[in-house]
Each structure stands twice: as C-alpha cells, then as structure tokens.
Amino acid sequence: MTDGIFIAIGIFTLLCGSSVILCKSPVYSAFSLILSFFGLAGLYILLESPFIAVIQVLVYTGAIVVLFVYVVMLMNPNSSGAYRNWIFMIVSAFLAWAVSLYLLKALTLGVAPAVGGAHALSLKEVATLLFTKYLWPFEILSIFLVVMIVAVFALAKQSKETPNE
Amino acid sequence: MSNFSSVYWTQFIAIALIGLGMVGFLIRRNAIVVLMSIELMLNGVNLLLIEAAHRSGSADGTMLVVFIITIAAGEVAVGLGILLNLYRIKHSSDTELYKELQG
C-alpha cells in the first residue's frame with residue numbers, strides 16, 4: 001500500500017521534473033518546479049523525515065522558486081530560443097544515460113539492509129544535534145550566509161554602474 | 001517503508017532526477033532554466049541522502065540535507081544576482097550570448 005503511494009508520488013515528481021526542462025516558457029518551468037518540490041516533500045514524509053519535508057516546502061517553494069519567478073518577471077522570458085541544437089541533445093542524453101546507469105549500479109550494489117532503528121527525527125533532536133555535534137558546520141554556515149548577503153549587495157550595487165551597451 | 005523494494009524505487013527516482021537535471025542543464029538555452037536544472041540535481045542528491053539516513057537509522061544524512069538546502073538557497077540568490085547583471089548588459093537570458101565569459 002505505502003509502496004504504491006510512494007511510486008505514484010515518485011512518478012508525479014519525475015513528470016513534473018521533466019516538464020521543468022521541457023516547457024518552453026520559464027514561468028511554466030518554475031511552476032512545474034514547485035509541483036516537483038511538493039512531490040519530493042511527500043517522498044520525504046514517506047521516508048519518515050517530516051522535518052525535512054517542511055523545510056523543503058518552506059525554503060524551496062517558499063523562497064527559491066519565488067526568487068526564480070521574480071527574476072523571470074524582471075527579465076523578458078522569451079528573449080531566447082528554448083533548446084540548443086540536436087548535437088547537444090544527443091550528447092546530453094547519452095551522458096545522462098551513462099551517468100545514471102553508473103550511479104544506479106554503484107548504489108544498488110552497495111545497498112545495506114535496513115538497520116531498523118529508523119525513527120522520525122523530531123525538531124528537538126535536530127536542534128540538539130545542531131548545537132552539539134554539528135556546531136562548527138552550523139557556525140561556518142552562518143558566516144557563509146553573511147558572505148553571501150554581502151556578495152548579493154555588491155552585485156546589486158555594481159549593476160547600477162554597469163554601462164549599457 | 002524500510003523493505004527492499006522501496007529502497008530501489010527511491011534510488012531510481014533520485015538518479016532519474018539527477019539525470020533530468022543534467023539533460024536540462026545541457027540542452028536548455030535560457031539561463032534561468034539552467035539554474036532550475038541545477039536545483040533538480042541538488043534535490044536528487046537530497047533524496048538519496050534522506051533515503052540513506054532512513055535506512056541506516058542515523059541522523060547524519062538528515063543534517064547534511066539541512067545544510068545542503070541552506071547552501072542551495074544562497075547559491076540561487078547569488079546566481080540570480082549574477083544573471084540579472086548579465087541580463088542588463090546583454091538584454092537577453094540566452095546562454096549562447098554569454099560565450100565571451102569563457103575568456
């Protein structure tokens with residue numbers, strides 16, 4: 001029963017993912033991306049990670065895709081052709097096929113049986129881990145975010161001085 | 001959900017997402033959709049990590065995904081900032097026109 005739901009949500013995610021890369025308009029791509037992220041959140045819930053599912057919906061669909069839509073609105077979305085020429089298509093299809101096959105083989109060969117101690121990670125456990133075992137990555141991440149804020153400000157400021165060709 | 005078949009399904013879905021992102025990255029000309037394809041690849045990796053964390057019963061994979069999502073948000077912000085600057089210079093989001101970036 002759960003397997004059926006899992007496979008259905010997975011196929012939904014993959015269909016939305018393929019419509020991201022196939023839709024000619026970037027706006028449709030962005031909305032397909034939202035649906036794909038919701039499908040992934042469903043998969044995370046089925047994999048007993050509700051915290052990550054909430055983060056996925058909040059950060060990805062709430063922040064990242066909104067940013068994408070905002071930039072699409074600022075730009076002229078149809079100012080470029082949709083796809084590259086057919087050589088790129090054939091090469092990329094072959095490359096993706098080869099890499100996927102390699103990954104699938106490497107991962108399914110190394111699948112360990114389930115330990116069985118899996119349980120849903122509660123918010124309290126995540127917070128405790130964040131301030132004990134993962135304290136240093138957490139602090140470095142905060143510095144990283146500050147650096148990124150400064151970088152985005154520098155980019156936005158510089159663009160006013162950029163001469164228009 | 002910890003039986004063997006669903007493990008294979010998760011890996012199949014995750015790897016298919018990575019492959020889709022790779023194809024989109026290579027065949028699309030619009031720079032915004034190229035960034036979206038990168039997001040698809042990142043989500044495939046996240047799914048693999050969550051599945052591994054669920055199977056092994058440890059919290060490491062979950063915490064790694066939290067960090068990856070944070071970095072992905074920052075990466076998109078900086079990437080779209082650069083893209084907007086490029087758009088102001090070139091008046092187009094076509095990656096074919098950004099060829100002089102290769103030096």
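**Close-up 1. The salt bridge between chain B and chain A.** Across the interface of chain B and chain A the rule finds one salt bridge, a term that stands for a side-chain nitrogen of Lys or Arg within 4 Å of a carboxyl oxygen of Asp or Glu. The partners are Lys133(A) and Asp60(B), whose closest N and O atoms are 3.0 Å apart. The pair crosses between chains, from Asp60(B) in helix α3 (residues 60–90) of chain B to Lys133(A) in the loop between α5 (123–131) and α6 (135–161) of chain A; helices are DSSP runs (H or I, at least four residues) numbered from the N terminus. Over all chains, the count by this rule comes to three salt bridges. The model is predicted, so that local features need pLDDT of at least 70 and side-chain atom pairs count only at pLDDT 80 or more, whereas totals for chains, interfaces and linings use all residues. Residues are numbered from 1 along each chain as its sequence is written, chains are lettered from A and ligands numbered from 1 in the order in which they are written, and side-chain values use heavy atoms, with hydrogens and water left out.

**Close-up 2. The interface of chain B and chain A.** In this interface, 77 residues of chain B are in contact with 84 residues of chain A, contact meaning heavy atoms within 4.5 Å. The two chains bury about 7300 Å² between them, 75% of it on carbon and sulfur atoms, where buried area is the accessible area (1.4 Å probe) that two parts lose on being put together, summed over both.

**Close-up 3. Helix α2(A) against helix α2(B).** These helices pack at an angle of about 5 degrees with their axes 11 Å apart, the axes being lines fitted to C-alpha atoms over the stretch in contact and the angles running from 0 to 180 degrees between N-to-C directions. α2(A) and α2(B) are therefore roughly parallel to each other (angles under 35 degrees count as roughly parallel, over 145 as roughly antiparallel). Among the residues making the contact are Leu33(A), Phe37(A) and Leu40(A) of α2(A) and Met36(B), Leu40(B) and Ile50(B) of α2(B). By class, the contact of α2(A) with α2(B) has 12 nonpolar, four polar and one charged residues (Ala, Val, Leu, Ile, Met, Phe, Trp, Tyr, Cys and Pro count as nonpolar, Asp, Glu, Lys and Arg as charged, and the others, Gly among them, as polar).

**Close-up 4. Helix α1(A) against helix α2(A).** The axes of α1 (residues 2–22) and α2 (residues 26–46) of chain A come within 8 Å and cross at roughly 160 degrees, which makes α1(A) roughly antiparallel to α2(A). The residues of this contact divide into 11 nonpolar, nine polar and no charged.

**Close-up 5. Helix α2(B) against helix α3(B).** Here the axes come within 10 Å and cross at roughly 175 degrees, and α2(B) and α3(B) are therefore roughly antiparallel to each other.

How values were computed:
Helix = DSSP H or I, 4+ residues; strand = E, 2+ residues; numbered from the N terminus. Parallel < 35°, antiparallel > 145°, perpendicular 65-115°, else oblique.
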